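Hi everyone, thanks for coming. Let me put the model up on the screen, and then I'll walk you through a few spots in it.

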Amino acid sequence: MREDVRMRIGWLCLAIVSAGVLGFGLVAVAFPADALTRADGLASIGTGLFGGLITLVPFRRRERWAWWVLWFYPVFWLVHLVARLPPGKDHVHQVVFIVLSAGGLLLPVRSFLTKQLR
């Protein structure tokens, strides 16, 4: 698979995770069950926007720091899965987000780590 295709698939996977986090945040803010849910929603909106912005600009430019920063997504979702943290009780979305974000970072890994060797 060519590196450009891997890169495109990678940033699309990360953009999907960002959109999912942002979407959850918007729903949680619009229809909060309580103040904590609203606060979680606001934090999710910020996280989704921040991750999406990093994905769409510096990550696509192959800036190494963006690749390292975006490891926040799989680590965050893995901790949520292992500790059985909310949102939700089925945890399927956490597994999906772990696979998408880790895959999105590992597919184009050569684009980010080979620059260190040059």
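Let's begin with a question: where is Arg62 found? Arg62 sits in the loop between α2 (35-59) and α3, where helices are DSSP runs of H or I with at least four residues, strands are runs of E with at least two, and both are numbered from the N terminus.

A quick word on ground rules. This is a predicted model, in which local features need pLDDT of at least 70 and side-chain atom pairs count only at pLDDT 80 or more, while totals for chains, interfaces and linings use all residues. Residues are numbered from 1 along each chain as its sequence is written, and side-chain values use heavy atoms, with hydrogens and water left out.

Back to Arg62. Its phi is near 65°, a positive value in a residue other than glycine. Most residues other than glycine have a negative phi. Arg62 is partly exposed, with a relative accessible area of 22%; here buried means under 20%, exposed over 50%, and partly exposed in between, using a 1.4 Å probe and protein chains only.

Arg84 also has a positive phi, about 55°, and is not a glycine. You'll find Arg84 in the loop between α4 and α5, and at 64% relative accessible area it is exposed.

Now the charges. The structure holds 3 salt bridges, each being a side-chain nitrogen of Lys or Arg within 4 Å of a carboxyl oxygen of Asp or Glu. Arg62 forms one of them with Asp4, with the closest N and O atoms 3.2 Å apart. Arg62 lies in the loop between α2 and α3 and Asp4 in helix α1, so this pair ties together parts that are 58 residues apart in sequence. Asp4 also meets Arg2 in a salt bridge, at 3.6 Å from N to O. Glu63 and Arg61 pair up too, at 3.6 Å. Through shared partners, Arg2, Asp4 and Arg62 join into one network.

Last stop, the helix packing. Helix α4 (residues 72-82) and helix α5 (residues 92-106) pack at an angle of about 155°, their axes 8 Å apart; axes are lines fitted to C-alpha atoms, for helices over the stretch in contact, and angles run from 0 to 180 degrees between N-to-C directions. So α4 and α5 are roughly antiparallel, given that angles under 35 degrees count as roughly parallel, over 145 as roughly antiparallel, 65 to 115 as roughly perpendicular and the rest as oblique.
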